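Please keep the sequence and the model side by side while reading, since the account below moves from loops to strands, then to aromatic rings and pockets.

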Amino acid sequence: MRLEARFRWLPTPFRSVLLFVVWLLLNNSVSPGHLLLAAFFAITIPWITFPFRDPQPLIVKPGLAFRHLMLVLYDIVTANLQVALLILGPTKKLRPGFVKVPLDLSHEMPITILASTVSLTPGTVSAEVYPIPESLEEGEVIEQRYLLIHVLDLADEQALINTIKQRYEAPLKEIFRC
């Protein structure tokens, strides 16, 4: 993988800045020696590890990514309250079940973020993404991928699928353009 000339020494600038800052915070010092060592690590570690990384899609809409993050945080809080009410009520009314959500996302990073979002929201847990690409025979093309989700109280399967696709998957498709 060839890097453009402007990124040759800093293949992942954000990680370099993060490493620099974290090093200084962990050492609680901004002495010249720590500044030099932080700069050395900030340049060397990303440069050495870059060839081992898989290419990831870029965030093309950071404003939408921030709004999506705020939406997920809001959903986590409200879902906590809903699950608390479900748990405190009679457990015989619970309708647990599995739902198979067809995915329109193709890259692993947005799929991972979607699965994590579903798992972070109380009352739902991502169980599996299938078919798994490594388990396919060579040359076989993945026609459709699914996210298997366990739901604590499943009232309407299609409504849940539509909610996940519209509320979480659609913004991720725009954020990553995939």
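Pro 131 sits in the loop between E2 and E3, where helices (H or I, at least four residues) and strands (E, at least two) are DSSP runs numbered from the N terminus. A cis peptide bond, with omega at about 0°, joins Tyr 130 to Pro 131. The model is a predicted one, in which local features need pLDDT of at least 70 and side-chain atom pairs count only at pLDDT 80 or more, while totals for chains, interfaces and linings use all residues. Residues are numbered from 1 along each chain as its sequence is written, and side-chain values use heavy atoms, with hydrogens and water left out.

Taken as a whole, the protein has 5 helices and 3 strands, and from the N terminus on its elements follow the order α-α-α-β-α-β-β-α. Of its 178 residues, 28% count as buried; buried means under 20% relative accessible area, exposed means over 50%, and partly exposed lies in between, with a 1.4 Å probe and protein chains only.

Strand E2 (residues 124-130) pairs with E3 in the antiparallel sense over 6 bridges, where two strands pair if DSSP finds at least two bridges between them. E1 and strand E3 (residues 145-151) are likewise antiparallel, and this pairing runs over 7 bridges. His 150 in E3 is the bridge partner of Val 125, and Phe 98 also stands opposite His 150, while Val 99 stands opposite Ile 149 in E3. E3 itself is mostly covered, as 5 of its 7 residues are buried.

In a regular strand the side chains alternate between the two faces of the sheet.

Asn 28 is found in the loop between H1 and H2, and its phi is near 50°, a positive value in a residue other than glycine; Asn 28 is exposed, with a relative accessible area of 72%. Phe 50, in the loop between H2 and H3, is by contrast buried at 14% relative accessibility. Phe 50 and Thr 12 are 38 residues apart in sequence, yet their C-alpha atoms are 7.8 Å apart in space.

A pair of aromatic rings is described by the distance of the centres and the angle of the planes. A search of the whole structure finds 3 aromatic pairs, where rings of Phe, Tyr and Trp (its six-membered ring) pair if their centres lie within 6.5 Å, and planes under 30 degrees apart count as stacked, over 60 as edge-to-face and the rest as tilted. Trp 23 and Phe 41 form an edge-to-face pair, with 4.8 Å from centre to centre and 65° between the planes. Trp 23 is partly exposed, with a relative accessible area of 25%, and Phe 41 is partly exposed at 25% relative accessibility. Together with Phe 40, Trp 23 and Phe 41 form one aromatic cluster.

Finally, the pockets. The largest pocket has a volume of about 830 Å³. It is lined by 28 residues, of which Pro 57, Leu 58, Ile 59, Met 109 and Phe 176 lie nearest its centre; a pocket is an open set of points on a 1 Å grid over the protein atoms alone, where a 1.4 Å probe fits, with protein on both sides within 12 Å along at least five of seven lines, and lining residues have an atom within 4 Å of a point. Domain 1 (13-52) and domain 2 (62-176) both give residues to this lining, so the largest pocket lies between them.

Conventions: Points joined across faces, edges and corners; volume = space filled by probe spheres on them. Domains from an automatic or database assignment.
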